[in-house]
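Please look through the structure below with this report beside it.

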Amino acid sequence: MEPLPRLYVPATLANLGPGFDALGVALDLYLEVEAAPAPEDAFFYEGEGHVEGTDNLIHEGYRAGMRALGLKPPPLRVQAFNPIPLARGMGSSSAALVAGVALADRLSGGRLGRDGVFRVAAEMEGHPDNVAPAVFGGFVAALSHPPLAIPLPRPEGVRFVLAVPPYEVPTPLARKALPREVPLEDAVFNLARSALWPAVLCSGRLEALREACRDRLHQPHRARLMPGVLEALEGALEAGALAAFVGGAGPTLAALVREGEEGAVVKALAPYRGEGRTLVLGIGEGYRWKET
């Protein structure tokens, strides 16, 4: 069989501050995958970090997608180029799983559909706020149980400034930092602000994001894993960011800014970034295919 078209799956940011496991956004930084049926599974990887072996997340997603259709997954040769930093809170795992499930959908003649790709990948990942924007693009509100994803309006003229420290924060470690119970006032604080995100995006009142991005459920509890993060969040807002929050489990700090106003925020976040890197990215699209 002929190789499939090249697949592009975006990086994502989860939570958006208060929307823990519920809100996310796609970035215009894409995992690229080329694949073709082969006599046996094979995997070739270039890009961030080091990934090898046919038990990688792309192959796992592919097998899960085929199983969801009741099909036996034929062997697949996969070549991946990944510019998404690993274990930095930018959805690298979700992008890989979505890529695999999308491959299964393509090879089955589209039997899953985009909604089915979301359902299978969200069940595997457990974090719909990363998976949903990787599938549908832009800002998305999502649930895992029942599987539900609703795209939100996309503001024009904004960019993300991302301060990416040089160290990793594995998601399991970040999850362990969270308390099992929270005060009622903290829960209400987050509920109100997570509800503001869709209202702001629908109304265009972006100035309200300064309050909508604030969180009490996870960022304060994870701060010891990301030295200086709480101060950096406030520093980004003081420098003119519309919103500032930790991407997923961190340590990446994301600031939403108006185009042309990136410089002050980049400067404000430089101490937090340290020896890492700064990325300035637009809002991304959902996964897509492109003939090579």
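Pro251 is placed in the loop between strand S8 (243–246) and strand S9 (253–258), where strands (E, at least two residues) and helices (H or I, at least four) are DSSP runs, numbered from the N terminus. The peptide bond that leads from Gly250 to Pro251 is cis, with omega near 5°. Another cis peptide bond runs from His145 to Pro146, with omega near -5°, and Pro146 is found in the loop between strand S5 (139–143) and strand S6 (148–151).

This is a predicted model, in which local features need pLDDT of at least 70 and side-chain atom pairs count only at pLDDT 80 or more, while totals for chains, interfaces and linings use all residues. Residues are numbered from 1 along each chain as its sequence is written, and side-chain values use heavy atoms, with hydrogens and water left out.

The loop between strand S1 (6–14) and S2 holds Leu16, and Asp21 lies in the loop between S1 and S2 as well. Phi of Leu16 is near 55°, a positive value in a residue other than glycine, and Asp21, which is not a glycine either, has a positive phi of about 60°. Leu16 has a relative accessible area of 2% and is therefore buried, a word that means under 20% relative accessible area, with exposed meaning over 50% and partly exposed in between (1.4 Å probe, protein chains only).

Strand S2 (residues 23–37) contains Val25, which counts as buried because its relative accessibility is 0%. Among the residues that Val25 touches, not counting those up to four places away in sequence, are Leu16, Pro133, Phe139 and Phe160; contact here means heavy atoms within 4.5 Å. Phe160 in turn touches residues including Leu13, Val25, Phe245 and Ile283, with residues up to four places away in sequence again not counted.

Phe160 also belongs to the largest nonpolar core, where Met90, Phe160, Leu162 and Trp197 touch the most other members out of 90 residues. Such a core is a set of buried Ala, Val, Leu, Ile, Met, Phe, Trp, Tyr and Cys residues joined through side-chain atoms within 4.5 Å. The largest share of this core, eight residues, comes from helix H2 (residues 92–107).

Two helix pairs are set out in the table, with angles running from 0 to 180 degrees between N-to-C directions and axes being lines fitted to C-alpha atoms over the stretch in contact.

| Helix pair | Angle | Distance between axes |
|---|---|---|
| H1 (residues 57–68) and H2 | about 40° | 7 Å |
| H3 (residues 113–125) and H4 (residues 128–136) | about 155° | 9 Å |

H1 and H2 are therefore oblique to each other, whereas H3 and H4 are therefore roughly antiparallel; angles under 35 degrees count as roughly parallel, over 145 as roughly antiparallel, 65 to 115 as roughly perpendicular and the rest as oblique.

The contact of H1 with H2 involves, among others, Gly61 and Gly65 of H1 and Ala96 and Gly100 of H2, and its residues divide into 10 nonpolar, four polar and no charged. In these classes Ala, Val, Leu, Ile, Met, Phe, Trp, Tyr, Cys and Pro count as nonpolar, Asp, Glu, Lys and Arg as charged, and the others, Gly among them, as polar. Between H3 and H4 the contact includes Phe118 and Ala121 of H3 and Val131 and Phe136 of H4, and by class this contact has nine nonpolar, no polar and three charged residues.
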